[in-house]
Amino acid sequence: MCGIVGHVGAEKATPILLDGLRRLEYRGYDSAGLAVHASDGIEIVRAVGKLRNLEKALSEKGLLGTVGIGHTRWATHGRPSEVNAHPHIAGPIAVVHNGIIENHLELRAELEASGFTIASDTDTEIIAHLIHRETQAGHDMVTAIRHSLGHVEGAYAIAVLSEREPNRIVVAKSASPLVIGVSNGATYCASDIPALLPYTNEMVFLEDSEIAVLEAEGFTLTKLDGTPVSRRSRKISWSPVMAEKDGYKHFMLKEIFEQPRALEDTLRGRLDRENADIFTPEIGLSEDDAKRIDRVILLACGTSHHATIAGRYWLEELAKVPAITELASEFRGRDAVVGEGDLVIAVSQSGETIDTLMAAKEAKERGAKVLAIANVNGSAIPRMADASFYTHAGPEIGVASTKCFMTQLANLLMFSIWLGRRRGTIDDAQAAELVEGLARIPHVIAERLRETHLMVTDIVRDFSEARDVLFLGRGLSFPMALEGALKLKEISYVHAEGYAAGEMKHGPIALLDAHVPVVVLMPQDRHYDRVSSNMQEARAREAKIIGVTTAGDTQAQSLCDRFVEVAPTHEALSPFVTVVPLQLYAYCVADHKGTDVDQPRNLAKTVTVE
Ligand code: F6R
C-alpha cells in the first residue's frame with residue numbers, strides 16, 4: 001500500500017526515483033510524485049493516475065537535484081487527486097508516507113486551531129505540519145521528526161526532506177516496511193527490495209521505532225529515543241533481471257511460467273531423498289518440539305490463506321496433528337483461543353501483511369510459537385516470528401500472486417512431511433513417494449505449461465463473456481477452486497465463486513443455467529466419483545462444464561463441454577498441477593478483456609493497512 005523511494009548521492013535523483021517507483025508501482029498506482037532538492041529549495045511534481053502521467057509532467061518540468069524522494073499512492077485518506085498525492089509539503093519540509101495515521105483527525109484539529117492550513121484530505125500532510133511546527137521551534141530535522149512521531153499513532157514509513165538540510169534524507173518507520181540500500185557514494189531507501197536492485201544488493205532493514213539519516217557517504221541509525229543502533233547490511237541475492245518482464249506481455253504471465261524454477265529454488269537443499277525426509281534446520285523446532293505440538297494454527301490472508309487450507313489438509317493427513325486455518329483479519333481482536341502447545345504458521349509472500357503480522361504477534365504474546373513462511377527475506381513477519389521457513393520464488397511483481405502461492409504450497413507440504421516423520425505418522429515408503437514426487441513436480445509442471453496455455457487460450461475464446469463463473473473442487477482441490485475464483489475476480493473483474501463441490505446443492509446450484517460456466521477440478525483422487533456426480537448435477541442444470549482432468553481421463557472428459565489436461569500425480573501433489581490452468585484461465589480472460597493484468601484496479605500487492 002503505497003511505495004516510497006529516496007536517493008542521496010552524486011547522480012541526478014529523478015531518473016533513479018522514477019525507476020524505483022516503476023518497480024514499486026505494484027504497491028499502489030492512483031497517483032505519484034517526486035520532491036527533489038534544487039538550488040533554491042525543494043521542487044515538487046505530482047500527477048494523478050499511473051506513473052506515466054508523472055513522467056509526462058516531469059518531461060515538461062525537469063527536476064535537477066541529486067537528493068530526492070518519491071511516492072506511488074494507494075489512496076486511503078482522500079480520493080486520488082493531485083492535491084492528495086505525495087510528497088506533502090509544509091514550510092521547509094517535504095514528506096512521503098506509507099501507512100495510516102490513526103489519530104490524524106485529532107492532530108488535524110489541533111494544527112488547524114494553532115493556525116496551520118492543511119491543503120489535502122490526507123493523514124500524511126499532518127506529519128509534514130507536525131515536523132514543520134517542530135522546526136519552527138528551532139529543532140533540526142531529526143529532532144523535529146522524533147518529537148513529531150511521538151504524537152502520531154498508527155503505521156508509517158516516512159522519508160523526509162528539509163530545505164535547511166539539503167544533503168540528507170531522514171527516514172523512520174513503525175509497522176510499514178522500509179529498506180535502506182547502501183553503495184559507494186550513494187544511499188537509497190525504498191518500501192521494497194526490487195526498487196533498489198539495479199543500484200545495490202547491500203540492504204539494511206529498518207525496525208519499528210527506528211530513524212535513520214541517509215547521506216551520500218552512508219547512514220546513521222538510532223532508535224526514536226536516540227539510542228544508537230548498529231546493524232550490518234545484508235547481501236540480497238535477487239538480481240535486477242528477476243524483476244523485469246523478460247519478453248512476456250505481463251509480469252503475471254512471466255511469473256506463471258517461472259513456477260517450475262521458483263519451485264526448484266524452493267525445494268533445493270531441502271529434499272533428503274536418501275532418507276525420504278525433509279531437511280529444514282531453519283524451522284527452529286527440535287524433534288521433541290515436533291512431538292509436543294498439540295495443534296497447528298495457520299494464519300494468512302487472500303491467496304496465502306488458500307495455500308494454508310491445503311496446508312491444513314496435509315498436516316492432518318500426514319502428521320495427524322489437529323490443524324485449523326484462520327483468516328488473519330478474523331483471528332485478530334476476537335479473543336481466539338491460542339496458547340502454549342500451539343504452533344502458529346503465519347504465511348505471507350510479502351511478509352508485511354498487517355493483519356497476518358498482528359494476528360501472529362497476538363498469538364505469540366499468548367505463548368504460541370510462531371513459524372513464518374514468507375518470500376521476502378528480513379520482512380516484518382519473519383522478523384517477529386520465532387523461526388522462518390522462506391520460499392524462494394524471487395521477486396513477484398504481478399499483483400495477483402502465482403509463483404509465491406506455488407512455493408507456499410511446497411513449504412507447507414515439506415513441513416507436513418517433516419512433522420509426520422518426527423511424529424511417526426508416515427512410514428518410509430509413503431515419505432519416499434512424496435519426496436520423490438515433490439522432486440519431480442517442477443519438471444511435471446514445466447512439461448505441460450505451454451500446452452496448457454494454448455488449451456486455456458482456446459477455451460477462453462468461448463467463455464470470456466461469462467458474467468459469473470463457479471469453481472468446484474473437493475479435498476485438496478477445494479482450496480484450488482477458491483484460488484481459481486479469486487484470481488479471476490481480481491484481474492478480470494468477473495464475478496466468480498469457489499465452492500466445495502459437495503456444497504453446491506446447499507445453495508449455489510440455484511445460480512446455474514446455460515450462461516454459467518462451471519470449472520470442475522477432478523484429478524483422479526479419492527473424491528473423483530463424488531465430484532463426477534456433482535458435475536452431472538451441474539450439467540443437468542444446463543451449466544457449461546470446463547473440466548480440469550487428468551491426462552487421458554476420457555471418462556471425465558466425455559462429460560465436459562471443454563477440458564484441460566493436467567499430469568497424473570500422487571494425490572497429495574495434485575494442487576501443484578491443478579492450480580496452473582486456473583491461473584492461466586484468469587490471465588487469459590483478463591488479457592482478452594484488456595484489463596490491467598499486473599495492476600488491477602483498487603488492489604495493491606502489499607497490504608499494510610487493516
Ligand atoms: C491475490 C493476492 C492477495 C494476497 C494477500 C496476502 O492474488 O496476492 O490475496 O495473497 O493480500 O498477501 P501476503 O501473502 O503478502 O500476506
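**Exercise 1. Work out whether glutamine 599 is buried or exposed, and what surrounds it.**

Step 1: Glutamine 599 has 14% relative accessibility, so it counts as buried (buried is under 20% relative accessible area, exposed over 50%, partly exposed in between, with a 1.4 Å probe and protein chains only).

Before going on, a word on the source: this is a predicted model, where local features need pLDDT of at least 70 and side-chain atom pairs count only at pLDDT 80 or more, while totals for chains, interfaces and linings use all residues. Residues are numbered from 1 along each chain as its sequence is written, and side-chain values use heavy atoms, with hydrogens and water left out.

Step 2: Find glutamine 599 in the segment after helix 18 (574-593). Helices (H or I, at least four residues) and strands (E, at least two) are DSSP runs, numbered from the N terminus.

Step 3: Skip neighbours within four places in sequence, and glutamine 599 is in contact with Glu25, Tyr26, Tyr29, Lys50 and Val399 (contact means heavy atoms within 4.5 Å).

**Exercise 2. Describe the second largest pocket: which residues lie nearest its centre, and which classes line it?**

Step 1: Sort the lining by class, and you get five nonpolar, two polar and nine charged residues (Asp, Glu, Lys and Arg count as charged; Ala, Val, Leu, Ile, Met, Phe, Trp, Tyr, Cys and Pro as nonpolar; the others, Gly among them, as polar).

**Exercise 3. Trace the open sheet: what is its strand order, and which strands are at the edges?**

Step 1: Eight strands run in the order 3-2-4-1-10-9-11-14, with antiparallel pairing (two strands pair if DSSP finds at least two bridges between them).

Step 2: Strand 3 (41-48) and strand 14 (234-235) are the edges, each pairing on one side only.

Step 3: Zoom in on strand 2 and strand 3, which are joined by eight bridges and form a hairpin with two residues between them. Across this pair, valine 36 stands opposite glutamate 43 in strand 3.
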